[in-house]
Amino acid sequence: MPNDIVVFTGNSNTALAYEICEALWQPLGKAQVRRFSDGEIFVELGENVRGRDTFVIQSTCSPVNDNLMELLLIIDALKRASAWRITAVIPYYGYARQDRKAAPRVPISAKLVADLLTASGTSRVLAMDLHAGQIQGFFNIPVDHLFASPIILQHIKSIGTDNIIMVSPDAGGVERTRAMAKRLEAPLAIVDKRRDAPGEAKAMNIIGDVTGKRAIIVDDMVDTAGTLAQAARVIMDKGALEVMAVATHPVFSGEALRKIEESPLTQIAVTNSIPLTPEGRETPKIQVLSVAKLLSEAIRRIHREDSISSLFIWGFARGFVRGLSPGRLRPSRAPPWDFRVAARPVTWRGAWTRPAADCPIWAWRRAGHSCATCALRRSHAAAWARGGRLRVSWRHRAGLFPSKPPWRSDALRALAFSREIA
(Lines give C-alpha, C1' and ligand atoms only; values in the text may rest on other atoms or scores of the structure.)
Protein backbone atom coordinates (compact mmCIF):
# COMPACT_ATOMS: atom_id res chain seq x y z
CA MET A 1 0.00 0.00 0.00
CA PRO A 2 1.43 3.42 -0.89
CA ASN A 3 2.11 5.83 1.95
CA ASP A 4 0.41 8.83 0.39
CA ILE A 5 -3.03 9.82 -0.79
CA VAL A 6 -4.09 12.28 -3.48
CA VAL A 7 -7.58 13.75 -3.80
CA PHE A 8 -8.79 15.26 -7.07
CA THR A 9 -12.07 16.86 -8.04
CA GLY A 10 -13.90 18.10 -11.09
CA ASN A 11 -16.07 21.18 -11.33
CA SER A 12 -19.31 19.73 -9.94
CA ASN A 13 -18.79 20.31 -6.20
CA THR A 14 -15.46 21.93 -5.43
CA ALA A 15 -16.67 23.31 -2.09
CA LEU A 16 -17.34 19.80 -0.76
CA ALA A 17 -13.97 18.60 -2.09
CA TYR A 18 -12.16 21.37 -0.19
CA GLU A 19 -14.05 20.47 3.01
CA ILE A 20 -13.09 16.82 2.62
CA CYS A 21 -9.43 17.70 2.05
CA GLU A 22 -9.50 19.97 5.09
CA ALA A 23 -10.82 17.09 7.21
CA LEU A 24 -8.09 14.84 5.78
CA TRP A 25 -5.38 17.46 6.32
CA GLN A 26 -4.49 17.02 2.67
CA PRO A 27 -4.16 19.62 -0.09
CA LEU A 28 -6.44 19.19 -3.07
CA GLY A 29 -4.64 17.52 -5.95
CA LYS A 30 -3.51 19.73 -8.81
CA ALA A 31 -5.60 19.17 -11.91
CA GLN A 32 -6.77 21.38 -14.74
CA VAL A 33 -10.29 20.73 -16.03
CA ARG A 34 -11.40 23.15 -18.72
CA ARG A 35 -13.25 23.25 -22.02
CA PHE A 36 -12.21 23.98 -25.56
CA SER A 37 -14.11 26.50 -27.61
CA ASP A 38 -16.25 23.75 -29.16
CA GLY A 39 -17.30 22.41 -25.73
CA GLU A 40 -14.91 19.45 -25.47
CA ILE A 41 -13.52 18.80 -21.99
CA PHE A 42 -9.76 18.87 -21.40
CA VAL A 43 -8.14 17.31 -18.31
CA GLU A 44 -4.49 17.61 -17.26
CA LEU A 45 -3.04 16.38 -13.97
CA GLY A 46 -0.57 18.77 -12.40
CA GLU A 47 1.36 16.34 -10.18
CA ASN A 48 2.87 12.87 -10.21
CA VAL A 49 0.41 10.09 -9.24
CA ARG A 50 2.48 7.03 -10.16
CA GLY A 51 1.92 4.34 -7.54
CA ARG A 52 -0.28 6.59 -5.39
CA ASP A 53 -3.73 6.02 -3.89
CA THR A 54 -6.02 8.47 -5.69
CA PHE A 55 -9.59 9.60 -5.02
CA VAL A 56 -11.79 11.58 -7.40
CA ILE A 57 -14.68 13.54 -5.83
CA GLN A 58 -17.39 14.32 -8.35
CA SER A 59 -21.17 14.46 -8.06
CA THR A 60 -22.93 13.74 -11.33
CA CYS A 61 -25.46 16.50 -10.79
CA SER A 62 -26.62 19.19 -13.20
CA PRO A 63 -25.21 19.54 -15.81
CA VAL A 64 -25.26 15.76 -15.51
CA ASN A 65 -23.59 14.80 -18.78
CA ASP A 66 -20.75 17.34 -18.43
CA ASN A 67 -19.97 16.30 -14.86
CA LEU A 68 -20.12 12.61 -15.75
CA MET A 69 -17.74 13.14 -18.66
CA GLU A 70 -15.35 15.10 -16.44
CA LEU A 71 -15.31 12.20 -13.97
CA LEU A 72 -14.60 9.64 -16.70
CA LEU A 73 -11.79 11.72 -18.20
CA ILE A 74 -10.11 12.33 -14.84
CA ILE A 75 -10.24 8.61 -14.08
CA ASP A 76 -8.78 7.79 -17.50
CA ALA A 77 -5.99 10.33 -16.98
CA LEU A 78 -5.15 8.77 -13.60
CA LYS A 79 -5.12 5.28 -15.09
CA ARG A 80 -2.77 6.32 -17.87
CA ALA A 81 -0.55 8.06 -15.29
CA SER A 82 -0.09 4.71 -13.48
CA ALA A 83 -2.03 5.50 -10.30
CA TRP A 84 -1.99 2.56 -7.86
CA ARG A 85 -5.73 2.70 -7.11
CA ILE A 86 -8.51 4.98 -8.36
CA THR A 87 -11.57 5.46 -6.17
CA ALA A 88 -14.53 7.39 -7.56
CA VAL A 89 -16.21 9.29 -4.72
CA ILE A 90 -19.71 10.07 -6.01
CA PRO A 91 -21.83 11.82 -3.35
CA TYR A 92 -24.74 12.00 -5.82
CA TYR A 93 -25.06 9.25 -8.43
CA GLY A 94 -26.84 10.62 -11.50
CA TYR A 95 -29.16 8.50 -13.65
CA ALA A 96 -29.92 6.41 -10.54
CA ARG A 97 -33.68 6.64 -11.05
CA GLN A 98 -33.40 4.77 -14.36
CA ASP A 99 -32.49 1.50 -12.68
CA ARG A 100 -34.96 -0.85 -14.44
CA LYS A 101 -37.13 -1.17 -17.52
CA ALA A 102 -40.29 0.60 -16.39
CA ALA A 103 -41.65 0.63 -19.96
CA PRO A 104 -40.90 -1.15 -23.24
CA ARG A 105 -37.89 -0.03 -25.29
CA VAL A 106 -36.21 2.08 -22.59
CA PRO A 107 -32.59 1.88 -21.39
CA ILE A 108 -31.32 0.99 -17.93
CA SER A 109 -29.18 4.11 -17.65
CA ALA A 110 -27.88 3.43 -14.14
CA LYS A 111 -26.29 0.21 -15.39
CA LEU A 112 -24.75 2.00 -18.38
CA VAL A 113 -23.14 4.60 -16.10
CA ALA A 114 -21.75 1.78 -13.94
CA ASP A 115 -20.25 0.13 -17.04
CA LEU A 116 -18.70 3.44 -18.13
CA LEU A 117 -17.07 3.96 -14.73
CA THR A 118 -15.70 0.42 -14.72
CA ALA A 119 -14.40 0.64 -18.29
CA SER A 120 -12.68 3.98 -17.62
CA GLY A 121 -10.44 2.34 -15.00
CA THR A 122 -12.21 2.87 -11.67
CA SER A 123 -10.94 0.51 -8.98
CA ARG A 124 -13.59 1.28 -6.36
CA VAL A 125 -16.73 3.39 -5.97
CA LEU A 126 -17.79 5.30 -2.87
CA ALA A 127 -21.40 6.51 -3.13
CA MET A 128 -23.96 7.93 -0.72
CA ASP A 129 -27.69 7.27 -0.48
CA LEU A 130 -28.23 5.65 -3.86
CA HIS A 131 -31.81 5.97 -5.10
CA ALA A 132 -31.99 2.17 -5.27
CA GLY A 133 -29.67 -0.13 -3.35
CA GLN A 134 -29.55 -2.66 -6.18
CA ILE A 135 -27.41 -0.23 -8.19
CA GLN A 136 -24.47 -1.67 -6.25
CA GLY A 137 -25.02 -4.90 -8.18
CA PHE A 138 -24.53 -3.09 -11.49
CA PHE A 139 -20.79 -2.83 -10.73
CA ASN A 140 -18.20 -5.57 -11.03
CA ILE A 141 -15.89 -3.65 -8.68
CA PRO A 142 -16.22 -2.96 -4.93
CA VAL A 143 -18.89 -0.40 -4.00
CA ASP A 144 -19.14 1.26 -0.59
CA HIS A 145 -22.62 2.64 -0.01
CA LEU A 146 -22.80 5.26 2.75
CA PHE A 147 -25.90 6.75 4.34
CA ALA A 148 -26.37 10.35 5.42
CA SER A 149 -28.70 9.20 8.21
CA PRO A 150 -26.24 9.94 11.08
CA ILE A 151 -26.00 13.59 10.03
CA ILE A 152 -29.77 13.86 9.46
CA LEU A 153 -30.58 12.18 12.78
CA GLN A 154 -28.25 14.53 14.58
CA HIS A 155 -30.03 17.49 12.99
CA ILE A 156 -33.48 16.18 13.95
CA LYS A 157 -32.23 15.65 17.48
CA SER A 158 -31.01 19.24 17.62
CA ILE A 159 -34.42 20.67 16.69
CA GLY A 160 -36.25 18.45 19.19
CA THR A 161 -38.02 15.11 18.95
CA ASP A 162 -41.07 15.92 21.08
CA ASN A 163 -44.39 15.08 19.45
CA ILE A 164 -42.87 14.25 16.06
CA ILE A 165 -44.04 11.76 13.45
CA MET A 166 -41.90 10.57 10.56
CA VAL A 167 -43.66 10.59 7.18
CA SER A 168 -42.68 8.68 4.05
CA PRO A 169 -43.66 10.58 0.88
CA ASP A 170 -44.36 7.34 -1.01
CA ALA A 171 -44.40 3.58 -0.59
CA GLY A 172 -40.85 3.25 -1.92
CA GLY A 173 -39.39 5.24 0.96
CA VAL A 174 -41.14 3.38 3.78
CA GLU A 175 -38.09 1.30 4.70
CA ARG A 176 -35.88 4.38 4.98
CA THR A 177 -38.45 6.30 7.02
CA ARG A 178 -39.26 3.34 9.27
CA ALA A 179 -35.58 2.87 10.16
CA MET A 180 -35.25 6.55 11.06
CA ALA A 181 -38.49 6.52 13.06
CA LYS A 182 -37.23 3.50 14.99
CA ARG A 183 -34.05 5.31 15.98
CA LEU A 184 -36.03 8.34 17.11
CA GLU A 185 -38.74 6.23 18.77
CA ALA A 186 -41.35 8.11 16.73
CA PRO A 187 -44.52 6.90 14.95
CA LEU A 188 -44.71 6.43 11.19
CA ALA A 189 -47.09 7.72 8.52
CA ILE A 190 -47.20 7.16 4.75
CA VAL A 191 -48.42 9.41 1.96
CA ASP A 192 -50.49 7.56 -0.65
CA LYS A 193 -49.22 9.05 -3.92
CA ARG A 194 -50.14 8.63 -7.55
CA ARG A 195 -47.62 9.61 -10.23
CA ASP A 196 -49.11 10.45 -13.64
CA ALA A 197 -45.82 11.40 -15.35
CA PRO A 198 -42.11 11.68 -14.40
CA GLY A 199 -41.68 14.64 -12.06
CA GLU A 200 -45.43 15.01 -11.52
CA ALA A 201 -47.07 13.52 -8.44
CA LYS A 202 -50.42 13.85 -6.71
CA ALA A 203 -50.84 13.03 -3.03
CA MET A 204 -54.16 11.36 -2.28
CA ASN A 205 -54.32 10.30 1.35
CA ILE A 206 -52.36 9.82 4.59
CA ILE A 207 -51.91 6.38 6.15
CA GLY A 208 -51.45 7.14 9.84
CA ASP A 209 -52.55 9.79 12.33
CA VAL A 210 -50.75 13.13 12.08
CA THR A 211 -53.29 15.17 14.03
CA GLY A 212 -51.62 17.51 16.50
CA LYS A 213 -48.10 16.33 15.61
CA ARG A 214 -44.97 17.81 14.09
CA ALA A 215 -44.50 15.93 10.82
CA ILE A 216 -41.07 15.33 9.28
CA ILE A 217 -41.06 14.08 5.68
CA VAL A 218 -38.05 11.86 4.86
CA ASP A 219 -36.83 11.42 1.28
CA ASP A 220 -33.58 10.56 -0.47
CA MET A 221 -33.75 13.44 -2.96
CA VAL A 222 -35.80 16.50 -3.86
CA ASP A 223 -36.13 17.05 -7.61
CA THR A 224 -39.06 19.24 -8.65
CA ALA A 225 -40.40 19.35 -5.06
CA GLY A 226 -43.88 18.50 -6.32
CA THR A 227 -44.11 15.47 -4.03
CA LEU A 228 -42.98 17.45 -0.99
CA ALA A 229 -45.28 20.39 -1.61
CA GLN A 230 -48.40 18.28 -2.12
CA ALA A 231 -47.57 15.96 0.77
CA ALA A 232 -47.08 18.96 3.06
CA ARG A 233 -50.48 20.37 2.13
CA VAL A 234 -52.25 17.04 2.71
CA ILE A 235 -50.51 16.60 6.08
CA MET A 236 -51.53 20.09 7.21
CA ASP A 237 -55.11 19.42 6.07
CA LYS A 238 -55.12 16.35 8.31
CA GLY A 239 -54.41 18.50 11.39
CA ALA A 240 -50.63 18.51 11.79
CA LEU A 241 -49.08 21.37 13.76
CA GLU A 242 -46.20 21.88 11.33
CA VAL A 243 -44.43 20.08 8.49
CA MET A 244 -40.67 19.83 7.95
CA ALA A 245 -38.63 17.77 5.50
CA VAL A 246 -35.20 16.14 5.38
CA ALA A 247 -33.48 14.81 2.27
CA THR A 248 -29.99 13.83 1.19
CA HIS A 249 -29.71 15.16 -2.37
CA PRO A 250 -31.02 18.67 -3.21
CA VAL A 251 -31.50 18.33 -6.97
CA PHE A 252 -33.95 21.28 -7.05
CA SER A 253 -34.73 21.31 -10.75
CA GLY A 254 -37.36 23.36 -12.55
CA GLU A 255 -39.55 25.42 -10.22
CA ALA A 256 -38.58 23.49 -7.09
CA LEU A 257 -37.52 26.55 -5.12
CA ARG A 258 -40.77 28.37 -5.85
CA LYS A 259 -42.81 25.34 -4.80
CA ILE A 260 -40.86 25.09 -1.55
CA GLU A 261 -41.44 28.78 -0.79
CA GLU A 262 -45.18 28.49 -1.47
CA SER A 263 -45.61 25.21 0.43
CA PRO A 264 -46.53 24.86 4.15
CA LEU A 265 -43.04 23.49 4.85
CA THR A 266 -41.35 25.39 7.67
CA GLN A 267 -37.89 23.93 6.97
CA ILE A 268 -36.17 21.51 4.62
CA ALA A 269 -32.77 20.14 5.62
CA VAL A 270 -30.54 18.79 2.85
CA THR A 271 -26.89 17.78 2.58
CA ASN A 272 -24.19 19.38 0.45
CA SER A 273 -23.85 16.34 -1.82
CA ILE A 274 -25.06 18.72 -4.55
CA PRO A 275 -24.11 22.42 -4.43
CA LEU A 276 -27.01 24.83 -4.18
CA THR A 277 -27.56 27.59 -6.69
CA PRO A 278 -27.32 31.20 -5.46
CA GLU A 279 -31.13 31.30 -5.34
CA GLY A 280 -31.19 28.13 -3.25
CA ARG A 281 -28.65 29.51 -0.78
CA GLU A 282 -30.85 32.58 -0.30
CA THR A 283 -34.00 30.55 0.40
CA PRO A 284 -34.60 30.83 4.18
CA LYS A 285 -36.42 27.48 4.42
CA ILE A 286 -33.43 25.48 3.18
CA GLN A 287 -30.76 24.38 5.66
CA VAL A 288 -27.61 22.61 4.45
CA LEU A 289 -25.88 19.83 6.44
CA SER A 290 -22.30 18.90 5.59
CA VAL A 291 -21.31 15.31 4.82
CA ALA A 292 -17.62 16.15 4.43
CA LYS A 293 -16.53 14.49 7.67
CA LEU A 294 -18.44 11.32 6.87
CA LEU A 295 -16.89 11.06 3.40
CA SER A 296 -13.41 11.99 4.64
CA GLU A 297 -13.53 9.27 7.29
CA ALA A 298 -14.58 6.74 4.64
CA ILE A 299 -11.71 7.85 2.39
CA ARG A 300 -9.26 7.56 5.27
CA ARG A 301 -10.41 4.04 6.11
CA ILE A 302 -10.35 2.91 2.49
CA HIS A 303 -6.78 4.17 2.17
CA ARG A 304 -5.70 2.38 5.34
CA GLU A 305 -7.57 -0.82 4.36
CA ASP A 306 -9.72 -0.56 7.49
CA SER A 307 -13.35 -1.57 7.84
CA ILE A 308 -15.92 1.12 7.07
CA SER A 309 -18.96 -0.96 8.01
CA SER A 310 -19.67 1.24 11.02
CA LEU A 311 -20.13 4.19 8.66
CA PHE A 312 -22.97 2.72 6.62
CA ILE A 313 -25.03 0.76 9.15
CA TRP A 314 -27.99 2.33 10.88
CA GLY A 315 -26.62 1.39 14.29
CA PHE A 316 -23.79 3.85 13.72
CA ALA A 317 -26.15 6.71 14.58
CA ARG A 318 -27.55 5.34 17.81
CA GLY A 319 -25.24 7.55 19.89
CA PHE A 320 -26.95 10.61 18.44
CA VAL A 321 -30.46 9.68 19.51
CA ARG A 322 -30.14 8.53 23.10
CA GLY A 323 -29.76 11.97 24.63
CA LEU A 324 -26.23 11.34 25.91
CA SER A 325 -24.28 14.39 26.93
CA PRO A 326 -20.67 14.77 25.68
CA GLY A 327 -19.31 13.77 29.08
CA ARG A 328 -21.33 10.54 29.14
CA LEU A 329 -20.93 9.52 25.51
CA ARG A 330 -18.90 6.32 25.33
CA PRO A 331 -16.27 6.02 22.58
CA SER A 332 -17.95 2.88 21.19
CA ARG A 333 -21.10 4.95 20.63
CA ALA A 334 -19.38 8.05 19.26
CA PRO A 335 -19.00 8.80 15.56
CA PRO A 336 -15.39 8.48 14.41
CA TRP A 337 -14.93 12.21 13.88
CA ASP A 338 -16.33 13.14 17.31
CA PHE A 339 -14.09 11.11 19.58
CA ARG A 340 -15.37 12.15 23.01
CA VAL A 341 -14.57 10.33 26.26
CA ALA A 342 -15.19 11.05 29.91
CA ALA A 343 -12.67 13.72 30.94
CA ARG A 344 -11.40 12.63 34.36
CA PRO A 345 -7.88 11.93 35.71
CA VAL A 346 -6.78 8.30 35.51
CA THR A 347 -3.76 6.39 36.78
CA TRP A 348 -1.60 3.96 34.87
CA ARG A 349 1.14 2.02 36.70
CA GLY A 350 0.94 4.55 39.50
CA ALA A 351 1.60 7.57 37.26
CA TRP A 352 -1.08 10.27 36.97
CA THR A 353 -1.86 11.18 33.40
CA ARG A 354 -3.68 14.12 31.90
CA PRO A 355 -7.50 13.95 31.58
CA ALA A 356 -8.64 11.07 29.42
CA ALA A 357 -9.95 13.44 26.75
CA ASP A 358 -6.33 14.40 26.06
CA CYS A 359 -4.68 11.02 26.47
CA PRO A 360 -4.60 8.93 23.27
CA ILE A 361 -3.54 5.76 25.08
CA TRP A 362 -6.48 5.82 27.46
CA ALA A 363 -8.94 6.83 24.74
CA TRP A 364 -7.87 3.99 22.45
CA ARG A 365 -7.99 1.41 25.25
CA ARG A 366 -11.49 2.53 26.24
CA ALA A 367 -12.57 2.15 22.61
CA GLY A 368 -11.11 -1.34 22.38
CA HIS A 369 -8.11 -0.42 20.19
CA SER A 370 -5.66 -3.32 20.24
CA CYS A 371 -2.49 -1.36 19.35
CA ALA A 372 -1.11 -4.61 17.91
CA THR A 373 0.67 -2.80 15.07
CA CYS A 374 1.14 0.44 16.98
CA ALA A 375 4.26 1.92 18.54
CA LEU A 376 2.06 3.46 21.25
CA ARG A 377 2.33 1.22 24.32
CA ARG A 378 1.42 1.43 27.98
CA SER A 379 4.85 2.78 28.87
CA HIS A 380 4.07 5.89 26.89
CA ALA A 381 1.48 6.94 29.44
CA ALA A 382 4.23 7.93 31.82
CA ALA A 383 6.01 9.86 29.08
CA TRP A 384 2.75 11.60 28.28
CA ALA A 385 2.34 12.58 31.95
CA ARG A 386 5.87 14.02 31.91
CA GLY A 387 5.08 16.03 28.79
CA GLY A 388 7.41 14.06 26.52
CA ARG A 389 6.85 13.45 22.81
CA LEU A 390 5.51 10.07 21.79
CA ARG A 391 6.44 8.02 18.77
CA VAL A 392 3.72 7.19 16.25
CA SER A 393 3.98 4.05 14.13
CA TRP A 394 4.13 4.00 10.35
CA ARG A 395 0.48 2.91 10.28
CA HIS A 396 -0.58 6.24 11.73
CA ARG A 397 1.81 8.15 9.53
CA ALA A 398 0.60 6.55 6.31
CA GLY A 399 0.36 9.72 4.29
CA LEU A 400 -2.47 11.18 6.36
CA PHE A 401 -0.52 13.60 8.54
CA PRO A 402 1.09 16.96 7.67
CA SER A 403 4.86 17.10 7.92
CA LYS A 404 4.73 20.03 10.36
CA PRO A 405 1.62 19.71 12.52
CA PRO A 406 0.50 22.76 14.44
CA TRP A 407 -0.32 20.65 17.49
CA ARG A 408 2.10 20.16 20.32
CA SER A 409 2.76 16.41 20.04
CA ASP A 410 2.48 13.43 17.77
CA ALA A 411 0.11 11.84 20.25
CA LEU A 412 -2.52 14.53 19.85
CA ARG A 413 -2.13 14.27 16.10
CA ALA A 414 -2.62 10.52 16.20
CA LEU A 415 -5.68 10.93 18.42
CA ALA A 416 -7.30 13.23 15.90
CA PHE A 417 -6.71 11.08 12.87
CA SER A 418 -6.76 7.48 14.14
CA ARG A 419 -10.33 6.75 15.19
CA GLU A 420 -10.46 3.02 15.72
CA ILE A 421 -14.10 2.36 16.63
CA ALA A 422 -15.17 -1.24 16.21
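A residue is called buried here when its relative accessible area is under 20%, exposed when it is over 50%, and partly exposed in between, using a 1.4 Å probe and protein chains only. The structure on display is a predicted model, in which local features need pLDDT of at least 70 and side-chain atom pairs count only at pLDDT 80 or more, while totals for chains, interfaces and linings use all residues. Residues are numbered from 1 along each chain as its sequence is written, and side-chain values use heavy atoms, with hydrogens and water left out.

**The whole chain**

Begin with the entire protein in cartoon view. There are 12 helices and 16 strands; helices (H or I, at least four residues) and strands (E, at least two) are DSSP runs, numbered from the N terminus. Of the 422 residues, 54% are buried. Contact means heavy atoms within 4.5 Å. Among contacts with a separation of 6 or more, 62% are between residues 24 or more positions apart.

**Stop 1: the open sheet**

Select β1, β4, β5, β6 and β7. These five strands make an open sheet in the order β1-β4-β5-β6-β7, with parallel pairing; two strands pair if DSSP finds at least two bridges between them. The edges are β1 (5-9) and β7 (143-146), each of which has a single partner strand, so one side of each lacks a neighbour in the sheet. From one strand to the next the twist averages 20°.

Now zoom in on β1 and β4 (residues 53-57). Five bridges join the two strands in the parallel sense, and I5 is found opposite D53 in β4.

**Stop 2: helices across the sheet**

**Stop 3: an aromatic pair**

Rings of Phe, Tyr and Trp (its six-membered ring) pair if their centres lie within 6.5 Å; planes under 30 degrees apart count as stacked, over 60 as edge-to-face and the rest as tilted. The protein has two aromatic pairs by this rule. Y93 with F139 is an edge-to-face pair, at 6.1 Å centre to centre and 70° between the planes. The pair links distant parts of the chain, 46 residues apart: Y93 is in the loop between β5 and α3 (109-120), and F139 is in the loop between β6 and β7. Y93 is buried at 4% relative accessibility, as is F139 at 7%.

**Stop 4: helix α3**

Select α3. Its 12 residues reach 16 Å from first C-alpha to last, close to the 16 Å expected at 1.5 Å a residue; the expected span is 1.5 Å times one less than the number of residues. Colour S109, A110, V113, A114, L117 and S120, which are buried. Viewed down the axis of α3, the buried residues fall within an arc of 145°, so they line one face of the helix. That arc is taken from the directions from the helix axis to the C-beta atoms. The buried residues of α3 pack against α2 and β5, whereas L112 and A119, on the other side, are exposed. After α3 comes G121, with a positive phi near 120°.

**Stop 5: strand β11 and its partners**

Move to β11 (residues 214-222). Nine of its nine residues are buried, so the strand is largely enclosed by the rest of the structure. Strand β8 (residues 164-168) runs parallel to β11 and is joined to it by four bridges, one place to look being I165, whose bridge partner is A215. Strand β12 (residues 242-250) also pairs with β11 in the parallel sense, over eight bridges; here D219 stands opposite A247.

**Stop 6: helix α6**

Select α6 (residues 226-237). Its 12 residues should span 16 Å at 1.5 Å a residue, and the end C-alpha atoms are 17 Å apart, which agrees. Buried residues in α6 include L228, A231 and I235. G239 follows α6 and has a positive phi near 100°.

**Stop 7: E261**

Finish at E261, which lies in helix α7 (residues 256-262) and is partly exposed at 37% relative accessibility. Leaving out residues up to four places away in sequence, E261 touches T283, P284 and K285. To I286, 25 residues away along the chain, the C-alpha separation from E261 is 9.5 Å.

Conventions: Axes are lines fitted to C-alpha atoms, for helices over the stretch in contact, and angles run from 0 to 180 degrees between N-to-C directions.
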